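Keep the sequence and the 3D view open as you read.

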Protein chains: 2
Amino acid sequence: MEPKILSAVSRSTLKRLPLYLHVLEDLHRRGVVYVSCTTIARKFDFGPILVRKDLEVTGAAGKAKIGFRVAGLIDDIKKFLGWHNVQDAFLVGAGNLGKALLGYQDFDSYGLNIVAVFDNDPRKIGTRIFNKEVLALDKLAPLVKRMHINIGIVAVSSEGAQAVVDALVAAGIRAVWNFAPAPLEIPEGVILENARLTQSLAVLTNKLKSLLAGPEKE
Amino acid sequence: MEPKILSAVSRSTLKRLPLYLHVLEDLHRRGVVYVSCTTIARKFDFGPILVRKDLEVTGAAGKAKIGFRVAGLIDDIKKFLGWHNVQDAFLVGAGNLGKALLGYQDFDSYGLNIVAVFDNDPRKIGTRIFNKEVLALDKLAPLVKRMHINIGIVAVSSEGAQAVVDALVAAGIRAVWNFAPAPLEIPEGVILENARLTQSLAVLTNKLKSLLAGPEKE
DNA sequence: GGCCTATCGATGCAATTTTATCGATAAAAC
DNA sequence: GTTTTATCGATAAAATTGCATCGATAGGCC
């Protein structure tokens, strides 16, 4: 079966695929060759039908009674997500969050490669973090053009975030991954994705609140 | 109007409330007193009706033609999310990600207060990060009980994550905020919330892929 | 070789979530 | 004082998402 048109895939499915990928890679490391949707679903709190439907969009094909070949499935999901072609990215902001992102080695296997770091703090410029030199912000625009960078990662404070995004867009960036909690404006045709931690925290504290308030009900 | 029963609120609504909160606090800083759902919705790519419906669950009431009082609305949302009562939390993992989380000062205004850090690396134990001492992992269980800590934050690698969660649960933690990309097992009655960065990345790279592949369609 | 079981793949159904519509209300304009 | 306009609040419709059922297929077992 052919993979579906990209835009037709729901955001929910898109967010579940990386979860499957992680489980599959774990199985792969342990030498498992074939896996069924039922087995995958056991790791999560939703059913095997949903898993099968999600995997369908990647174009992966399984066999009855056996299931899917683990290695092939990993490959199909990665291909679908575009993670087998590694994209180069620029990171803006060399604070704690920026350092954490630089130190997170696994991005390579997620199709992301941070090639340079930018900051406007003169004390940071010229220093090296995880073997990558911190560059001045005014170097950003020419380098984006010369290196044909598509992805910009924003790891600055809420106050500075909009200005950084504007600079990235002006330089020709096509997609922005934003870690600042502020909602940002972005022109048509440029992609903005927010890695909002506060949203996740909201869900957590809310669940906790109801748990502490009334554990007897539900 | 009374706030709705907590469990009845959809996860989608719950995740949008922090976004509104951020916009509202920005307006508050700029001295704006009243705001309408239409104005709030302009900041996002969804309509004012959805905003109104979301705000409804918090119990906030607005007036026709005027809108909602900004200060009151902020208060109502925070109250609803449980963010006006700050919860103490333990952080496990003093690596780059742990440091970034410790350095993120704004958690206070989101109802979260990290009171201690734990790690099993002898070189890190005893050192101070952002004025908080790094403690040995075996100190975790007794301190959870003594200090009545409800929230545990997991900022370790995928390999160690399950063991850390098990230890937290055994110590009596009620809610876990997980930053490791691995899917974790957790017993009934304990809350698990994943701050999955890879999901966000999947959405980004997928959008980018379709943008680069065919910008003419859509 | 024939039967049984587990799993895929597809279609149809149910629930949830989002959007649209309508009347009521309160401020602003005339 | 009346009309106009913008917004809230509630209800109804549409779209999306998740789930269950059904036949088909392929391996295991007797």
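**Chain A against chain B**

The area buried between chain A and chain B is about 5,900 Å², and carbon and sulfur atoms give 70% of it. Buried area is the accessible area (1.4 Å probe) that two parts lose on being put together, summed over both. This is a predicted model: local features need pLDDT of at least 70, side-chain atom pairs count only at pLDDT 80 or more, and totals for chains, interfaces and linings use all residues. Residues are numbered from 1 along each chain as its sequence is written, chains are lettered from A and ligands numbered from 1 in the order written, and side-chain values use heavy atoms, with hydrogens and water left out.

Q: How many residues of chain A are in contact with chain B?
A: Contact means heavy atoms within 4.5 Å. Chain B brings 63 residues to the contact, and the number from chain A is 63.

Q: Which element gives the most to the side of chain A that touches chain B?
A: Helices (H or I, at least four residues) and strands (E, at least two) are DSSP runs, numbered from the N terminus. Across this interface the rule finds 15 residue pairs in polar contact, both at pLDDT 80 or more. A polar contact is a pair of N or O atoms within 3.5 Å; within protein, one must be able to donate a hydrogen and the other to accept it, and residues adjacent in sequence count only if both atoms are side-chain atoms. With 16 residues, the element that gives the most is α8(A).

Q: Which residue of chain B meets A:Lys207 in a salt bridge?
A: A salt bridge is a side-chain nitrogen of Lys or Arg within 4 Å of a carboxyl oxygen of Asp or Glu. The rule finds two across the interface of chain A and chain B. In one, at 3.4 Å from N to O, the partner of A:Lys207 is B:Glu193.

**DNA strand D**

Q: What share of the atoms of DNA strand D that come within 4 Å of the protein is sugar and phosphate?
A: A residue is near a strand if one of its heavy atoms lies within 4 Å of it. By that rule 22 residues surround DNA strand D, with A:Arg16 and B:Cys37 among the closest. The sugar and phosphate share is 73%.

Q: Which residue has a polar backbone atom 3.1 Å from a phosphate oxygen of DNA strand D?
A: A:Arg16 uses a side-chain N or O atom, 3.0 Å from a phosphate oxygen. B:Lys65 places a polar side-chain atom 3.1 Å from a sugar or linking oxygen. The backbone atom at 3.1 Å from a phosphate oxygen belongs to B:Cys37.
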